Amino acid sequence: MSKSGDLLNMADAVLLPGFAGHTPPDWVRRRLAEGLAGVVLFSRNIADPAQVARLTAALRAENPAALVGTDEETGEVTRLEVLTGSTRPGGYALGVVDDVALTEALAADLGRDLAAAGITIDFAPSADVNSNPDNPVIGLRAFGADPDVVSRHTRAFVRGMQSAGVAACAKHFPGHGDTSVDSHHGVPMVASGGIEDALRPFRAAIEEGVRSIMTGHLLVPTYDPELPATLSPKVLTGLLREELGFDGMIVTDGIEMAAVSGRHGIGGASARAIAAGADAICIGGERADEATATGVRDAIAAAVTEGLLPEERLADAARRVRELAVWTTSSGSAPSANGNLGLTAARRAVRVTRRSSAAVLPLTTAPHVVELSPEMNLAIDKGTPWGVAGPLAALLPGTTVTRFAAGQATGAAIEDLLAGAAGGRPLVLVVRDVHRHPWQGEALRHLLSARPDAVVVEMGLPERSDLGAVHIATYGSAMVCGRAAAEVITGSL
(Lines give C-alpha, C1' and ligand atoms only; values in the text may rest on other atoms or scores of the structure.)
Protein backbone atom coordinates (compact mmCIF):
# COMPACT_ATOMS: atom_id res chain seq x y z
CA MET A 1 0.00 0.00 0.00
CA SER A 2 1.36 3.47 -0.87
CA LYS A 3 1.79 6.14 1.79
CA SER A 4 -1.38 7.94 0.69
CA GLY A 5 -3.11 10.89 2.30
CA ASP A 6 -5.68 8.54 3.81
CA LEU A 7 -2.96 6.45 5.43
CA LEU A 8 -1.21 9.55 6.80
CA ASN A 9 -4.53 10.76 8.23
CA MET A 10 -5.09 7.38 9.86
CA ALA A 11 -1.63 7.58 11.42
CA ASP A 12 -2.42 11.07 12.72
CA ALA A 13 -5.62 9.68 14.26
CA VAL A 14 -3.56 7.79 16.88
CA LEU A 15 -1.18 10.61 17.86
CA LEU A 16 -1.30 12.81 20.95
CA PRO A 17 1.64 15.21 20.55
CA GLY A 18 2.72 18.04 22.78
CA PHE A 19 3.61 21.57 21.74
CA ALA A 20 5.13 24.71 23.19
CA GLY A 21 3.24 27.80 24.32
CA HIS A 22 -0.05 28.94 25.82
CA THR A 23 -1.82 29.04 22.46
CA PRO A 24 -1.90 26.32 19.79
CA PRO A 25 0.68 26.81 17.03
CA ASP A 26 -0.43 26.78 13.41
CA TRP A 27 0.84 23.25 12.80
CA VAL A 28 -1.30 21.86 15.63
CA ARG A 29 -4.39 23.68 14.35
CA ARG A 30 -3.81 22.41 10.83
CA ARG A 31 -3.20 18.81 11.90
CA LEU A 32 -6.26 18.82 14.18
CA ALA A 33 -8.42 19.99 11.29
CA GLU A 34 -7.02 17.10 9.24
CA GLY A 35 -7.84 14.50 11.90
CA LEU A 36 -5.06 14.52 14.54
CA ALA A 37 -6.37 12.58 17.56
CA GLY A 38 -5.61 15.32 20.06
CA VAL A 39 -2.83 16.77 22.17
CA VAL A 40 -1.15 16.45 25.54
CA LEU A 41 -0.75 19.54 27.71
CA PHE A 42 2.34 19.97 29.85
CA SER A 43 3.19 22.65 32.39
CA ARG A 44 4.72 24.78 29.62
CA ASN A 45 1.18 25.13 28.20
CA ILE A 46 -0.49 26.21 31.43
CA ALA A 47 -0.71 29.60 33.12
CA ASP A 48 -4.07 29.33 34.90
CA PRO A 49 -7.40 27.52 34.44
CA ALA A 50 -8.97 30.35 32.43
CA GLN A 51 -6.08 30.34 29.96
CA VAL A 52 -6.31 26.55 29.62
CA ALA A 53 -10.03 26.82 28.89
CA ARG A 54 -9.29 29.32 26.11
CA LEU A 55 -6.56 27.05 24.76
CA THR A 56 -8.75 23.95 24.68
CA ALA A 57 -11.59 25.91 23.06
CA ALA A 58 -9.19 26.95 20.30
CA LEU A 59 -8.16 23.33 19.82
CA ARG A 60 -11.77 22.14 19.54
CA ALA A 61 -12.59 24.90 17.09
CA GLU A 62 -10.41 22.90 14.70
CA ASN A 63 -11.59 19.44 15.77
CA PRO A 64 -14.56 19.14 18.17
CA ALA A 65 -13.65 15.51 18.94
CA ALA A 66 -10.03 16.24 19.85
CA LEU A 67 -8.81 14.50 22.99
CA VAL A 68 -6.96 16.80 25.37
CA GLY A 69 -4.91 15.00 27.98
CA THR A 70 -2.61 15.93 30.82
CA ASP A 71 -0.76 14.38 33.78
CA GLU A 72 -2.75 15.77 36.70
CA GLU A 73 -2.05 13.20 39.39
CA THR A 74 -2.28 15.78 42.22
CA GLY A 75 0.57 16.05 44.71
CA GLU A 76 4.02 16.17 43.18
CA VAL A 77 2.89 15.57 39.58
CA THR A 78 0.58 18.49 38.86
CA ARG A 79 0.02 20.44 35.69
CA LEU A 80 -2.96 22.70 36.42
CA GLU A 81 -1.32 23.97 39.62
CA VAL A 82 2.31 23.79 38.60
CA LEU A 83 2.91 27.48 39.33
CA THR A 84 1.42 27.43 42.84
CA GLY A 85 1.82 23.82 43.96
CA SER A 86 -1.03 21.36 44.26
CA THR A 87 -3.96 22.04 46.56
CA ARG A 88 -4.49 18.26 46.75
CA PRO A 89 -2.08 15.67 48.15
CA GLY A 90 -0.83 12.85 45.98
CA GLY A 91 -1.73 9.19 45.99
CA TYR A 92 0.44 7.99 48.87
CA ALA A 93 -1.15 10.41 51.32
CA LEU A 94 -4.59 9.22 50.23
CA GLY A 95 -3.53 5.64 50.79
CA VAL A 96 -2.28 6.49 54.28
CA VAL A 97 -5.66 8.03 55.15
CA ASP A 98 -7.30 4.99 53.50
CA ASP A 99 -10.75 6.51 53.16
CA VAL A 100 -12.04 5.49 49.74
CA ALA A 101 -14.94 7.93 49.96
CA LEU A 102 -12.44 10.76 50.40
CA THR A 103 -10.35 9.56 47.46
CA GLU A 104 -13.43 9.31 45.25
CA ALA A 105 -14.64 12.77 46.28
CA LEU A 106 -11.21 14.31 45.70
CA ALA A 107 -10.94 12.69 42.25
CA ALA A 108 -14.43 13.91 41.33
CA ASP A 109 -13.51 17.41 42.50
CA LEU A 110 -10.35 17.28 40.39
CA GLY A 111 -12.34 15.94 37.44
CA ARG A 112 -14.69 18.91 37.61
CA ASP A 113 -11.73 21.29 37.48
CA LEU A 114 -10.29 19.43 34.49
CA ALA A 115 -13.65 19.36 32.70
CA ALA A 116 -14.10 23.09 33.25
CA ALA A 117 -10.68 23.65 31.66
CA GLY A 118 -11.62 21.51 28.65
CA ILE A 119 -9.35 18.55 29.49
CA THR A 120 -10.97 15.24 28.59
CA ILE A 121 -8.46 12.57 29.68
CA ASP A 122 -6.34 12.61 32.82
CA PHE A 123 -3.29 10.36 32.79
CA ALA A 124 -4.02 9.25 36.34
CA PRO A 125 -4.18 7.45 38.67
CA SER A 126 -0.86 5.76 39.19
CA ALA A 127 -2.00 2.19 39.80
CA ASP A 128 1.55 1.11 40.62
CA VAL A 129 2.25 -0.81 43.82
CA ASN A 130 5.33 0.93 45.22
CA SER A 131 6.78 -2.21 46.77
CA ASN A 132 10.37 -1.02 46.27
CA PRO A 133 11.08 1.95 48.60
CA ASP A 134 14.11 2.85 46.47
CA ASN A 135 11.94 3.37 43.39
CA PRO A 136 13.24 6.59 41.80
CA VAL A 137 10.17 7.51 39.75
CA ILE A 138 6.97 6.26 41.45
CA GLY A 139 7.21 6.68 45.23
CA LEU A 140 4.61 9.14 46.48
CA ARG A 141 2.69 8.92 43.19
CA ALA A 142 1.40 5.47 44.18
CA PHE A 143 -1.37 4.87 46.71
CA GLY A 144 1.04 2.70 48.67
CA ALA A 145 3.01 -0.53 48.85
CA ASP A 146 0.07 -2.83 49.64
CA PRO A 147 -1.76 -4.15 46.55
CA ASP A 148 -5.09 -4.18 48.42
CA VAL A 149 -4.75 -0.49 49.35
CA VAL A 150 -3.66 0.47 45.84
CA SER A 151 -6.51 -1.52 44.28
CA ARG A 152 -9.31 0.02 46.31
CA HIS A 153 -8.03 3.58 45.89
CA THR A 154 -7.45 3.04 42.17
CA ARG A 155 -11.10 2.05 41.91
CA ALA A 156 -12.20 5.07 43.93
CA PHE A 157 -10.11 7.48 41.84
CA VAL A 158 -11.48 6.03 38.58
CA ARG A 159 -15.07 6.33 39.83
CA GLY A 160 -14.59 9.91 40.94
CA MET A 161 -12.75 11.11 37.86
CA GLN A 162 -15.12 9.52 35.37
CA SER A 163 -18.18 10.77 37.23
CA ALA A 164 -17.10 14.22 36.04
CA GLY A 165 -16.97 13.08 32.41
CA VAL A 166 -13.17 12.99 32.26
CA ALA A 167 -11.58 9.69 31.26
CA ALA A 168 -9.26 8.20 33.86
CA CYS A 169 -6.10 6.43 32.71
CA ALA A 170 -4.58 3.81 35.02
CA LYS A 171 -0.80 3.65 34.68
CA HIS A 172 1.95 2.36 34.27
CA PHE A 173 0.85 -1.09 33.03
CA PRO A 174 1.76 -3.74 34.08
CA GLY A 175 3.17 -1.94 37.14
CA HIS A 176 6.22 0.30 37.68
CA GLY A 177 6.32 0.02 41.47
CA ASP A 178 8.73 -2.89 41.97
CA THR A 179 11.57 -1.33 39.97
CA SER A 180 14.75 0.58 40.72
CA VAL A 181 15.32 2.19 37.30
CA ASP A 182 13.62 5.30 35.93
CA SER A 183 12.17 4.46 32.49
CA HIS A 184 12.93 8.01 31.34
CA HIS A 185 16.57 6.87 31.24
CA GLY A 186 16.69 3.05 31.00
CA VAL A 187 14.63 -0.13 30.90
CA PRO A 188 13.32 -1.20 34.32
CA MET A 189 12.75 -4.89 34.96
CA VAL A 190 9.75 -6.19 36.90
CA ALA A 191 10.67 -9.14 39.12
CA SER A 192 8.76 -12.31 38.24
CA GLY A 193 7.72 -12.89 41.84
CA GLY A 194 5.87 -9.60 42.11
CA ILE A 195 3.95 -9.44 38.86
CA GLU A 196 0.65 -10.80 40.20
CA ASP A 197 0.55 -8.19 42.97
CA ALA A 198 1.45 -5.52 40.41
CA LEU A 199 -1.46 -6.54 38.17
CA ARG A 200 -4.13 -6.47 40.89
CA PRO A 201 -4.82 -2.70 40.75
CA PHE A 202 -5.13 -2.88 36.97
CA ARG A 203 -7.61 -5.72 37.26
CA ALA A 204 -9.54 -3.55 39.74
CA ALA A 205 -9.45 -0.55 37.38
CA ILE A 206 -10.75 -2.65 34.50
CA GLU A 207 -13.57 -4.01 36.68
CA GLU A 208 -14.41 -0.41 37.60
CA GLY A 209 -14.72 0.53 33.92
CA VAL A 210 -11.57 2.62 33.46
CA ARG A 211 -11.62 4.14 29.99
CA SER A 212 -7.89 4.11 29.33
CA ILE A 213 -4.70 2.39 30.47
CA MET A 214 -1.18 3.73 29.95
CA THR A 215 1.68 1.38 29.20
CA GLY A 216 4.90 1.35 31.17
CA HIS A 217 8.24 1.00 29.39
CA LEU A 218 9.05 -2.04 31.52
CA LEU A 219 10.60 -5.41 30.86
CA VAL A 220 8.37 -8.17 32.28
CA PRO A 221 10.26 -11.46 31.78
CA THR A 222 7.28 -13.49 33.00
CA TYR A 223 5.45 -12.50 29.80
CA ASP A 224 8.17 -11.29 27.45
CA PRO A 225 11.90 -11.51 28.25
CA GLU A 226 12.92 -9.43 25.23
CA LEU A 227 10.57 -6.50 24.61
CA PRO A 228 9.43 -3.80 27.04
CA ALA A 229 5.69 -3.83 27.68
CA THR A 230 4.96 -0.86 25.39
CA LEU A 231 6.40 -2.78 22.42
CA SER A 232 5.29 -6.27 23.40
CA PRO A 233 2.28 -8.02 21.75
CA LYS A 234 2.50 -10.61 24.52
CA VAL A 235 1.92 -7.94 27.18
CA LEU A 236 -0.45 -5.51 25.45
CA THR A 237 -2.51 -7.95 23.37
CA GLY A 238 -2.00 -11.27 25.13
CA LEU A 239 -2.12 -10.06 28.74
CA LEU A 240 -4.02 -6.76 28.77
CA ARG A 241 -6.56 -7.39 25.98
CA GLU A 242 -7.07 -11.14 26.06
CA GLU A 243 -6.29 -12.25 29.61
CA LEU A 244 -7.49 -9.19 31.54
CA GLY A 245 -10.26 -8.34 29.08
CA PHE A 246 -9.57 -4.61 28.71
CA ASP A 247 -11.48 -3.11 25.78
CA GLY A 248 -10.71 0.59 26.20
CA MET A 249 -7.97 2.80 24.79
CA ILE A 250 -4.36 1.81 25.44
CA VAL A 251 -2.03 4.82 25.37
CA THR A 252 1.74 4.74 25.62
CA ASP A 253 3.80 6.57 28.16
CA GLY A 254 5.99 9.24 26.54
CA ILE A 255 7.33 7.44 23.49
CA GLU A 256 10.52 9.49 23.39
CA MET A 257 11.66 8.00 26.71
CA ALA A 258 14.95 6.16 26.38
CA ALA A 259 13.54 2.81 27.49
CA VAL A 260 11.78 2.41 24.11
CA SER A 261 13.15 5.07 21.75
CA GLY A 262 16.79 4.36 22.53
CA ARG A 263 16.84 1.26 20.35
CA HIS A 264 14.23 2.01 17.69
CA GLY A 265 14.04 5.80 17.52
CA ILE A 266 10.84 7.69 18.29
CA GLY A 267 9.11 6.80 15.03
CA GLY A 268 10.16 3.17 15.10
CA ALA A 269 9.05 2.76 18.71
CA SER A 270 5.68 4.35 17.87
CA ALA A 271 5.00 1.97 14.98
CA ARG A 272 6.01 -1.04 17.06
CA ALA A 273 3.79 0.07 19.95
CA ILE A 274 0.73 0.26 17.68
CA ALA A 275 1.60 -3.14 16.21
CA ALA A 276 1.88 -4.56 19.73
CA GLY A 277 -1.62 -3.38 20.66
CA ALA A 278 -1.38 0.26 21.75
CA ASP A 279 -4.01 2.62 20.35
CA ALA A 280 -2.57 6.08 21.01
CA ILE A 281 0.97 7.43 21.11
CA CYS A 282 1.81 10.03 23.73
CA ILE A 283 4.69 12.21 22.60
CA GLY A 284 6.07 15.63 23.30
CA GLY A 285 7.23 15.75 26.89
CA GLU A 286 10.76 16.34 25.69
CA ARG A 287 10.26 16.71 21.92
CA ALA A 288 7.43 19.17 21.27
CA ASP A 289 8.08 20.29 17.69
CA GLU A 290 6.24 19.77 14.43
CA ALA A 291 9.10 17.82 12.88
CA THR A 292 8.92 15.17 15.62
CA ALA A 293 5.14 14.79 15.29
CA THR A 294 5.44 14.58 11.51
CA GLY A 295 8.26 12.06 11.74
CA VAL A 296 6.19 9.79 13.99
CA ARG A 297 3.18 10.01 11.68
CA ASP A 298 5.31 9.17 8.66
CA ALA A 299 7.04 6.29 10.45
CA ILE A 300 3.69 4.72 11.36
CA ALA A 301 2.45 5.07 7.78
CA ALA A 302 5.72 3.62 6.47
CA ALA A 303 5.40 0.66 8.83
CA VAL A 304 2.07 -0.15 7.19
CA THR A 305 3.45 0.05 3.65
CA GLU A 306 6.47 -2.07 4.65
CA GLY A 307 4.37 -4.75 6.33
CA LEU A 308 5.56 -4.19 9.90
CA LEU A 309 2.17 -2.85 11.01
CA PRO A 310 -1.06 -4.36 9.59
CA GLU A 311 -3.40 -1.67 8.32
CA GLU A 312 -6.26 -3.38 10.18
CA ARG A 313 -4.41 -2.93 13.47
CA LEU A 314 -3.90 0.78 12.80
CA ALA A 315 -7.57 1.17 11.85
CA ASP A 316 -8.62 -0.62 15.05
CA ALA A 317 -6.40 1.70 17.12
CA ALA A 318 -7.91 4.78 15.46
CA ARG A 319 -11.40 3.40 16.16
CA ARG A 320 -10.69 3.03 19.89
CA VAL A 321 -9.37 6.58 20.07
CA ARG A 322 -12.51 7.88 18.36
CA GLU A 323 -14.75 5.91 20.72
CA LEU A 324 -13.05 7.46 23.75
CA ALA A 325 -13.44 10.92 22.22
CA VAL A 326 -17.16 10.29 21.73
CA TRP A 327 -17.51 9.22 25.37
CA THR A 328 -15.72 12.30 26.69
CA THR A 329 -17.89 14.69 24.68
CA SER A 330 -21.17 13.13 25.78
CA SER A 331 -20.82 12.26 29.46
CA GLY A 332 -20.49 13.85 32.88
CA SER A 333 -21.42 17.13 34.46
CA ALA A 334 -19.59 19.80 36.41
CA PRO A 335 -21.28 20.97 39.62
CA SER A 336 -19.47 23.35 41.96
CA ALA A 337 -16.18 22.14 43.41
CA ASN A 338 -15.23 21.77 47.09
CA GLY A 339 -11.99 23.64 47.68
CA ASN A 340 -11.40 22.20 51.16
CA LEU A 341 -11.07 18.54 50.23
CA GLY A 342 -7.37 18.65 49.47
CA LEU A 343 -6.42 20.31 52.75
CA THR A 344 -8.69 17.93 54.65
CA ALA A 345 -6.91 14.96 53.06
CA ALA A 346 -3.44 16.41 53.70
CA ARG A 347 -4.24 17.07 57.36
CA ARG A 348 -5.54 13.54 57.85
CA ALA A 349 -2.38 12.04 56.30
CA VAL A 350 0.08 13.69 58.70
CA ARG A 351 1.77 11.38 61.22
CA VAL A 352 3.65 12.82 64.20
CA THR A 353 6.27 11.01 66.32
CA ARG A 354 7.33 12.87 69.49
CA ARG A 355 10.72 11.72 70.72
CA SER A 356 11.49 14.35 73.34
CA SER A 357 9.98 14.75 76.79
CA ALA A 358 10.40 18.49 76.39
CA ALA A 359 7.51 20.51 74.99
CA VAL A 360 9.01 21.11 71.55
CA LEU A 361 5.71 21.93 69.84
CA PRO A 362 3.92 24.13 69.22
CA LEU A 363 6.42 26.74 68.11
CA THR A 364 5.43 30.25 69.12
CA THR A 365 8.45 32.14 67.77
CA ALA A 366 9.57 32.29 64.17
CA PRO A 367 11.94 29.43 63.32
CA HIS A 368 14.64 28.99 60.75
CA VAL A 369 13.78 26.30 58.20
CA VAL A 370 16.38 24.22 56.36
CA GLU A 371 15.02 22.47 53.28
CA LEU A 372 17.18 19.76 51.67
CA SER A 373 16.17 19.68 48.00
CA PRO A 374 17.05 16.58 45.94
CA GLU A 375 17.00 16.34 42.15
CA MET A 376 13.55 15.04 41.14
CA ASN A 377 12.60 12.72 38.31
CA LEU A 378 11.37 14.10 34.98
CA ALA A 379 7.70 13.44 35.76
CA ILE A 380 7.84 16.24 38.35
CA ASP A 381 8.20 19.75 36.97
CA LYS A 382 11.31 21.31 38.46
CA GLY A 383 9.48 24.61 39.02
CA THR A 384 6.70 23.14 41.17
CA PRO A 385 6.73 24.88 44.58
CA TRP A 386 7.12 22.65 47.62
CA GLY A 387 8.22 22.82 51.22
CA VAL A 388 7.24 24.00 54.68
CA ALA A 389 8.90 27.39 54.92
CA GLY A 390 6.30 29.27 52.89
CA PRO A 391 3.24 27.94 54.72
CA LEU A 392 5.03 28.32 58.06
CA ALA A 393 5.91 31.95 57.35
CA ALA A 394 2.22 32.64 56.76
CA LEU A 395 1.45 31.35 60.25
CA LEU A 396 4.62 32.61 62.00
CA PRO A 397 5.77 35.82 60.31
CA GLY A 398 9.53 36.20 60.46
CA THR A 399 10.21 32.57 59.54
CA THR A 400 13.37 32.35 57.42
CA VAL A 401 14.67 29.61 55.17
CA THR A 402 17.83 28.12 53.72
CA ARG A 403 17.48 25.60 50.90
CA PHE A 404 20.36 23.28 50.05
CA ALA A 405 20.66 21.20 46.89
CA ALA A 406 23.06 18.28 46.50
CA GLY A 407 26.63 19.54 46.79
CA GLN A 408 25.67 22.65 48.74
CA ALA A 409 25.13 21.18 52.21
CA THR A 410 28.83 21.06 53.04
CA GLY A 411 30.15 20.91 56.56
CA ALA A 412 31.29 24.51 56.34
CA ALA A 413 27.95 25.71 55.02
CA ILE A 414 26.09 23.91 57.81
CA GLU A 415 28.41 25.31 60.49
CA ASP A 416 27.91 28.83 59.12
CA LEU A 417 24.16 28.36 59.19
CA LEU A 418 24.16 27.04 62.78
CA ALA A 419 26.26 29.94 63.93
CA GLY A 420 24.32 32.50 61.96
CA ALA A 421 20.74 32.32 60.67
CA ALA A 422 19.70 29.40 62.89
CA GLY A 423 21.49 30.51 66.02
CA GLY A 424 19.18 30.90 69.03
CA ARG A 425 16.03 30.13 67.02
CA PRO A 426 13.82 27.06 66.70
CA LEU A 427 15.05 24.87 63.85
CA VAL A 428 12.88 22.94 61.37
CA LEU A 429 14.63 20.51 59.01
CA VAL A 430 12.74 19.44 55.87
CA VAL A 431 13.83 16.42 53.83
CA ARG A 432 12.49 14.54 50.84
CA ASP A 433 13.14 10.78 50.63
CA VAL A 434 16.15 11.05 52.90
CA HIS A 435 16.66 7.28 52.70
CA ARG A 436 17.39 7.51 48.95
CA HIS A 437 19.81 10.43 49.12
CA PRO A 438 22.98 9.88 51.20
CA TRP A 439 23.87 13.57 51.09
CA GLN A 440 20.59 14.44 52.81
CA GLY A 441 21.25 11.82 55.48
CA GLU A 442 24.73 13.20 56.14
CA ALA A 443 23.49 16.79 56.33
CA LEU A 444 20.67 15.76 58.67
CA ARG A 445 23.10 13.95 60.98
CA HIS A 446 25.33 17.02 61.10
CA LEU A 447 22.44 19.35 61.89
CA LEU A 448 20.89 17.08 64.52
CA SER A 449 24.20 16.49 66.27
CA ALA A 450 24.33 20.23 66.93
CA ARG A 451 20.60 20.77 67.36
CA PRO A 452 18.89 17.63 68.76
CA ASP A 453 15.89 19.84 69.58
CA ALA A 454 15.14 20.34 65.86
CA VAL A 455 11.85 19.32 64.27
CA VAL A 456 12.25 17.04 61.24
CA VAL A 457 9.62 17.05 58.48
CA GLU A 458 9.84 14.20 55.95
CA MET A 459 7.94 15.13 52.78
CA GLY A 460 8.83 11.93 50.94
CA LEU A 461 8.55 8.32 52.07
CA PRO A 462 9.37 8.11 55.80
CA GLU A 463 11.59 5.05 56.10
CA ARG A 464 12.53 6.27 59.61
CA SER A 465 10.57 8.23 62.18
CA ASP A 466 13.30 8.38 64.86
CA LEU A 467 14.90 11.59 63.64
CA GLY A 468 14.63 14.90 65.49
CA ALA A 469 12.93 15.81 68.73
CA VAL A 470 9.67 15.61 66.77
CA HIS A 471 9.32 13.79 63.45
CA ILE A 472 6.48 14.79 61.12
CA ALA A 473 5.64 12.65 58.09
CA THR A 474 3.43 14.32 55.50
CA TYR A 475 3.56 11.59 52.81
CA GLY A 476 3.76 14.29 50.18
CA SER A 477 5.61 17.46 49.24
CA ALA A 478 2.73 19.37 47.67
CA MET A 479 2.10 22.83 49.07
CA VAL A 480 -1.05 21.57 50.76
CA CYS A 481 1.09 19.01 52.60
CA GLY A 482 3.44 21.80 53.66
CA ARG A 483 0.44 23.70 54.98
CA ALA A 484 -0.67 20.70 57.05
CA ALA A 485 2.85 20.31 58.50
CA ALA A 486 2.98 24.02 59.34
CA GLU A 487 -0.31 23.72 61.18
CA VAL A 488 1.10 20.87 63.28
CA ILE A 489 4.25 22.84 64.04
CA THR A 490 2.30 25.91 65.18
CA GLY A 491 -0.41 23.96 67.02
CA SER A 492 -3.21 25.12 64.76
CA LEU A 493 -4.03 21.57 63.62
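The model is predicted, so local features need pLDDT of at least 70 and side-chain atom pairs count only at pLDDT 80 or more, while totals for chains, interfaces and linings use all residues. Residues are numbered from 1 along each chain as its sequence is written, and side-chain values use heavy atoms, with hydrogens and water left out.

Let's start with strand S3, residues 67–70. Helices and strands here are DSSP runs numbered from the N terminus, with at least four residues (H or I) for a helix and at least two (E) for a strand. In a regular strand the side chains alternate between the two faces of the sheet. S3 is covered on both faces: Leu 67 and Gly 69 are buried on one side, and Val 68 and Thr 70 are buried on the other. "Buried" means under 20% relative accessible area, "exposed" means over 50%, and "partly exposed" is in between, using a 1.4 Å probe and protein chains only.

Now look at what S3 pairs with. Two strands count as paired if DSSP finds at least two bridges between them. Strand S2 (residues 38–41) runs parallel to S3 and is joined to it by four bridges, with Val 39 standing opposite Val 68. S3 also pairs in the parallel sense with strand S4 (residues 121–122), over two bridges, and there Gly 69 has Ile 121 as its bridge partner. To get from S2 to S3, follow helix H3 (residues 49–62): the three make a right-handed β-α-β unit. Right-handed means that, with the strands pointing away from the viewer, the path from the first strand over the helix to the second runs clockwise.

Next come two loop residues. Arg 141 sits in the loop between S4 and helix H6 (147–163). Leaving aside neighbours within four places in sequence, Arg 141 is in contact (heavy atoms within 4.5 Å) with residues including Glu 73, Ser 126, Lys 171 and Asn 377.

The other loop residue is Val 210, found between helix H7 (195–207) and strand S6 (212–215). Val 210 is buried because its relative accessibility is 5%. Not counting residues up to four places away in sequence, Val 210 touches Val 158, Gln 162 and Phe 246, among others.

Finally, the charged pairs. Side chains of opposite charge can pair when their charged atoms come close. A salt bridge here is a side-chain nitrogen of Lys or Arg within 4 Å of a carboxyl oxygen of Asp or Glu, and by this rule the count comes to 36. One of them links Arg 112 to Asp 109, with the closest N and O atoms 3.6 Å apart. Both residues lie in helix H5 (residues 100–116), three residues apart, about one turn of the helix, and both are buried.

Helix H11 (residues 311–328) holds Arg 313 and Asp 316, also three residues apart, and their side chains meet in a salt bridge at 3.0 Å, N to O. Arg 313 is buried because its relative accessibility is 14%, whereas Asp 316, at 22%, is partly exposed.In another salt bridge, Arg 464 meets Asp 466 at 2.9 Å, N to O.
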